[in-house]
Amino acid sequence: MERKINFSNSTILIGCSILIIGITALFSRKILLSEAHEAYASVENYELVSNKNPINIEEILKENTNRKIEEEMVLDEIDLEYTTEYRNNPSIPKGTIQVLQEGRDGKQNAIIIKKYENGELISEELVAENLIKASINKVVEVGTGAGVNNYKAKVGDKVYVTSNLLAVRLEPNSNSEKLATLKKGTEVKIEKIDNDWLYIISKEHNGYIASDCITNINPNKPIVASNSEEKSKATLVNGLDFNMDLNIPSGLTLEQFKKVLGGQPLDKNGVFESNAEYFYYAEKQYNINGVFLASVGIHESGFGTSAISLNKKNLFGYGAVDSNPSGGAYSFNTYAEGIDLLARVFKKYYLNPNGTAIYSGNVANGKFYNGNTLSSINIKYASDKNWASSVYKWMQHLYNSL
């Protein structure tokens, strides 16, 4: 939600000031040349100090009188994105993702000064903020045990709650009325699937729950690990296209992610090899192409060698601006936090129009949405016009590493 404040309706014309600076520079240059002439009047090669690059007054006037800078102050309600903590659990199979605590974005009011040049937004500066609601971090348990579990929920299945406390809601959205709370391990039956929500029946309560807070593993019985069904390299590579929909998961298994990101010669610090699993977990939880996500990280961090990636565990340069890349970039406690957050940022702000149902009952903000392809993201995500092509080359490299 954004509200303009009556800050200034005036237009800032800087052409005159730049013109004055330009003319001052011109006179200064003439004085210097005059002094040089007196000092070297008797020297035969006087042309060495002559004015070879005269200032074009008409060009300066044209350039700066056409430049129009405007500022406005707005009151904006913005989301405070939660972070995700991953915990390993050797008692459940590899690939299993169990949400112990649901994440929730916070809210804050922010006063922002926006600057426009010829009608186009060129910068935003946060000048004040006021917390409305604190974010709640997400806690996820991932399996490191034997076997692989690629379970997908189906109507009629009996499943078990993984969250310590799971809300049962009247409607399939996180803002709906809470009817009850289920404890971890509660058995429920799936009656209907509505995007990322499940309508369930339990002994005591019926209603909607988040789909990422259940598992098919009965906590009271021995775990039977299922085998993974890997798609062939040919099948996966055939799906690669510059204009592919990045909302669609790559389909790589956990082991395939580890294969394509492991042993890469340019990964000198082993950052991507040791964090390959988190691109897989992000893909599974948020329905985003994890190879795309990894390729953005590789491109932005120089394969984990940039100062920001090493000092702040930020593979994406998230928060950095051209004027102050290091100072503005976010710091993360682990690489996993940054990978998880950027998956959500892409889904929420870049890949889907406003109001689209995305992950865990959330809806897209769509602030920077122009489409769901590399080229459409490039419009608002990066100032480099060749960003999309560069990221795609890394995607090709990773797919061909299968």
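I began with helix α6 and listed its buried residues as Ala276, Glu277, Tyr278, Phe279, Tyr280, Tyr281, Ala282, Glu283, Gln285 and Tyr286. Buried here means under 20% relative accessible area, exposed over 50% and partly exposed in between, with a 1.4 Å probe and protein chains only. Because 10 of the 11 residues of α6 (residues 276-286) are buried, I noted the helix as largely enclosed by the rest of the structure. Helices are DSSP runs (H or I, at least four residues), numbered from the N terminus. Asn287 follows α6 and has a positive phi, near 55°.

I kept in mind that this is a predicted model, in which local features need pLDDT of at least 70 and side-chain atom pairs count only at pLDDT 80 or more, while totals for chains, interfaces and linings use all residues. Residues are numbered from 1 along each chain as its sequence is written, and side-chain values use heavy atoms, with hydrogens and water left out.

Next I searched the whole structure for aromatic pairs and found 19, a pair being two rings of Phe, Tyr or Trp (its six-membered ring) with centres within 6.5 Å, stacked if the planes are under 30 degrees apart, edge-to-face if over 60 and tilted otherwise. Tyr350 and Phe368 form a stacked pair, because their ring centres are 5.1 Å apart and their planes lie at 25°. Tyr350 belongs to helix α10 (residues 335-350) and Phe368 to the loop between α10 and α11 (374-381), so I recorded a link between distant parts of the chain, 18 residues apart. Tyr350 is buried at 9% relative accessibility, whereas Phe368 is partly exposed at 25%.

Technical notes: Helices (H or I, at least four residues) and strands (E, at least two) are DSSP runs, numbered from the N terminus.
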